Amino acid sequence: HEKPYSGPIGAVRGVIHVSGDHAPDIPAALAQLAKSKGCDGAKPFYGKLFREGPGRELADVLVAVTNYKGFVPPQGDVKLVTARGCAFESRTVAMTFGQRLEVKNRGSETVIPTLSGTQQAALIVAFPGGDSVKLFPGHPGEFLLQDQSHPFATADVFVLKYPTTAVTGIDGSFEIKDIP
């Protein structure tokens with residue numbers, strides 16, 4: 001029940017690069033992808049152990065700023081994740097406890113999102129162009145978002161007690177604003 005922080009703020013931005021070996025293939029995911037018609041666009045998301053950009057930028061990295069004093073409220077009540085082409089927009093999702101996760105289907109295939117570690121009374125279908133599916137993590141922690149119609153389509157979901165986080169895109173970049 002703290003008041004939101006109102007003092008000076010800063011930001012941090014950067015790009016995460018990877019060195020060493022390139023990402024190895026994930027044979028089980030590639031086999032599932034080969035059986036799924038119309039899911040060729042998901043291969044760059046799930047066919048390798050990790051995603052990297054053309055300059056060895058690292059995608060799907062959770063970056064967080066912690067150990068500051070003051071309460072920073074989340075940016076909105078919803079963390080929206082888009083599904084398209086048998087894939088979620090990222091393999092990592094960061095959200096603040098108290099937000100709900102909504103999965104919006106912007107593709108042409110049916111998506112049946114579930115969030116492991118939460119109680120879900122029924123499977124809810126995200127139809128192409130339809131309403132978002134709403135999922136409610138009941139506590140902070142790590143969860144797995146999975147599309148039941150395409151088992152290879154997963155994302156690690158981190159529900160944190162603070163909103164000063166970002167997840168890198170395929171260009172490896174991130175920016176975290178409003179840091180006390």
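**Close-up views of a predicted model**

F152 is buried, with a relative accessible area of 5%; here, buried means under 20% relative accessible area, exposed over 50%, and partly exposed in between (1.4 Å probe, protein chains only). The model is predicted, so local features need pLDDT of at least 70 and side-chain atom pairs count only at pLDDT 80 or more, whereas totals for chains, interfaces and linings use all residues. Residues are numbered from 1 along each chain as its sequence is written, and side-chain values use heavy atoms, with hydrogens and water left out.

**View A. Aromatic cluster of F45, Y46 and F152.** These three residues form one aromatic cluster. The structure holds two aromatic pairs; rings of Phe, Tyr and Trp (its six-membered ring) pair if their centres lie within 6.5 Å, and planes under 30 degrees apart count as stacked, over 60 as edge-to-face and the rest as tilted. F45 and Y46 form a tilted pair, with 6.0 Å from centre to centre and 40° between the planes. F45 counts as buried because its relative accessibility is 18%, and Y46 is likewise buried, at a relative accessible area of 3%.

**View B. The pair of Y46 and F152.** Y46 and F152 form a tilted aromatic pair, at 6.0 Å centre to centre and with 55° between the planes. This pair links distant parts of the chain, 106 residues apart: Y46 lies in helix 2 (residues 43-46) and F152 in strand 10 (residues 150-160). Helices (H or I, at least four residues) and strands (E, at least two) are DSSP runs, numbered from the N terminus.

View C. Strands of a sheet pair through backbone hydrogen bonds, either parallel or antiparallel. Strand 6 (residues 100-105) and strand 8 run antiparallel and are joined by three bridges. V103 stands opposite V133 in strand 8.

**View D. Loop residue S108.** S108 is found in the loop between strand 6 and strand 7 (113-115). With 69% relative accessibility, S108 counts as exposed. The C-alpha atoms of S108 and S132 are separated by 14 Å, the two residues being 24 residues apart along the chain.

Terms used
Two strands pair if DSSP finds at least two bridges between them.
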